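Trainee: I've got a structure open and I'd like to learn how to read its overall features. Can we go through it together?

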Amino acid sequence: MKRYFQNKSLLNLVFTFLGGVLLLFIIAPLAGMYLNTSFNSVHNAVGSEEVQASVWLSLWTSMAGTILFSFFAIPLAYLLARKNFPFKSLVNGIVDIPIIIPHSAAGIAVLGIITRDSFLGRAGELFGIKFVGNPAGIILAMAFVSIPFLINAARDGFAAVPERLEKIALTLDASPTRVFFTISLPLAWRSILSGFILMWARGMSEFGAVIIIAYNPKTAPVLIFERFTSYGLKYSVPVAVVFVTVCLIIFVTLRLIKKKN
Amino acid sequence: MLVVDNISLKAGNFELKNINFRVDKGDYFVILGISGVGKSLLLESIAGLTKISSGEIILRGRKISDEKIQRRNISIVYQDADLFPHLTVFENIAYPLHSRKEKNIKEKVLTAAEQTGIADKLERIPETLSGGEYQRVALARSLASGNDIFLLDEPLSSLDSKSKNELRVLLRKLNRNGITIIHVTHDYEEAVSLANKIGIMEKGEIVHVASPEEIFKHPKSEFVAQFIGIKNFLRGELKALRESDLKEFSIDGIKIFSLTDAGDGEAFLLIQPDEISISNSVESGSARNHFKGKITDIARAKIGIEVTVDIGCELISLISIDAMNSLELKIGKEVWINFKASSCKIYN
């Protein structure tokens, strides 16, 4: 028995060490970035209109994409969780494609459907919407690469709602629409919110797909890249620090709100 | 009111085969069967939660087998986990009223909650309720739905005995007030205490439908007899005695003393055969019941011997072979049977 516990604590020690190394791998570069940046340079970056505009652009375009595409993602997630239909596995696979392909390739693919020659590009022009080099295009690029996070989280959330509750609601004279909005959606809400946060986060930090659709206006990741290639590490780090800080504040706050609920 | 006509279906490991029965308005129909025979599946198929593959379900003369769940006007209450966990008790009960866009919702919720005794729990959320309260809310919600036929899937199984008794009283009250109930259970005591009609379910089939008395006194199959395991089951009248804690159960002029808290009126009496002793002369002791009778049958049981004695009604006693030999028992011999008032279980 004693030996068992000794073995167990040894295992815990090894796992704690390995886990610690991994955490260090995540924290160390970020900590290094913060420690090697002077307060003045960060202060200057915060005051820069260009930096402010890029951070704001990243935040709102990603949020807009998340909200817009949630109207499509949530119904699809519900169908994937609740219904059986031909080629369901294929549909599940398609949903994950944006995760596995290079994001620059994703950008090129999205570009293909929004140029002036494409149907979407022509349709957009009719309503005065340009995609290429425009926030509308940035929204599409961000949504393309981040939508799997929302769909997958929402699908898991709906799947975890006991189907029996939905059926009982039907026996209580509720229409399927009422059942969806009063039972399925509220009970899956925590998972959907997680997916929402993940999609927003993934979207705003997207670089590869966005730079192909729109170099200008510059989102924060594009601005960081531009400062790095044009002026070097010293000029890009303060912008990175500002953007990472904004992201961290938002996500820690959202996680706390979610935990409280 | 409800006719289940030859329905069959297969779902996972469960199968229903050619199920037939009829439930009239005001019936309390209990479907009794061991776990895994498809009782819940049967209820779900009536409510429309599971589709049947053949046969018909007819409610008030209308074929509902192909109707959508929400058009069947049947409520279902499960053993647990059927309240909406994110809604308060009030919101749960109001749910069907909102679905139908009714007026005076507050008043109607209160009426249903008062009928089921949970009017003081309306602001609670389901996870804070006790087992008994939880089931009462589920019943209140079914009442608010306006449906007059309830399907109950083992509603008492997860309750302690006090809550069980209280809920039985409530179920009987709802039934008396006009709610037709189909209740599935594996517990014969539940069936005896609630049903006016019992269906025995075995391997996906209903093998016997009859009154509780008929089912327990004349089980149609070996399975029913074994499953129920009831030998001495009598229907009679229960009456309190003056200046005594005992009650008197009368059947065909025979008066049996019982120690029970059951109410007066029509009742069922159940005595386990191993609670009855046999003697050649009247015994003195704590037993309150002594009857002289004639042995009509002696049969070998799984363990020991079952001796049937006619005392005006037939009672079966389970004794050892050793006791039978020493008392020199044989068919036709007159003997005394003795049992305690506390061994008489009364259901009404």
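Mentor: Let's begin with charge: Lys and Arg count as positive, Asp and Glu as negative, while His and the chain ends are left out. This is a predicted model, by the way. On that count, chain A carries 22 positive and 11 negative side chains, with the centres of the two sets 13 Å apart.

Trainee: How far apart are the two centres in chain B?

Mentor: There they lie 4 Å apart, for 46 positive and 49 negative side chains.

Trainee: Next, folds. How many helices and strands does chain A have?

Mentor: Count the runs of each kind. Chain A has 12 helices and 0 strands, so its pattern along the sequence is α-α-α-α-α-α-α-α-α-α-α-α. Chain B, on the other hand, comes to 9 helices and 20 strands.

Trainee: And how do I read burial?

Mentor: Buried means under 20% relative accessible area. In chain A, 41% of the 261 residues are buried; in chain B, 53% of 348 count that way.

Trainee: Last one: what about contacts along the sequence?

Mentor: Take contacts with a separation of 6 or more, then ask what share joins residues 24 or more positions apart. That share is 74% in chain A and 65% in chain B.

Methods:
Residues are numbered from 1 along each chain as its sequence is written. Chains are lettered from A and ligands numbered from 1 in the order in which they are written. This is a predicted model: local features need pLDDT of at least 70, side-chain atom pairs count only at pLDDT 80 or more; totals for chains, interfaces and linings use all residues. Side-chain values use heavy atoms; hydrogens and water are left out. Helices (H or I, at least four residues) and strands (E, at least two) are DSSP runs, numbered from the N terminus. Buried means under 20% relative accessible area, exposed over 50%, partly exposed in between (1.4 Å probe, protein chains only). Contact means heavy atoms within 4.5 Å. The place of a charge is taken as NZ of Lys, CZ of Arg, CG of Asp or CD of Glu.
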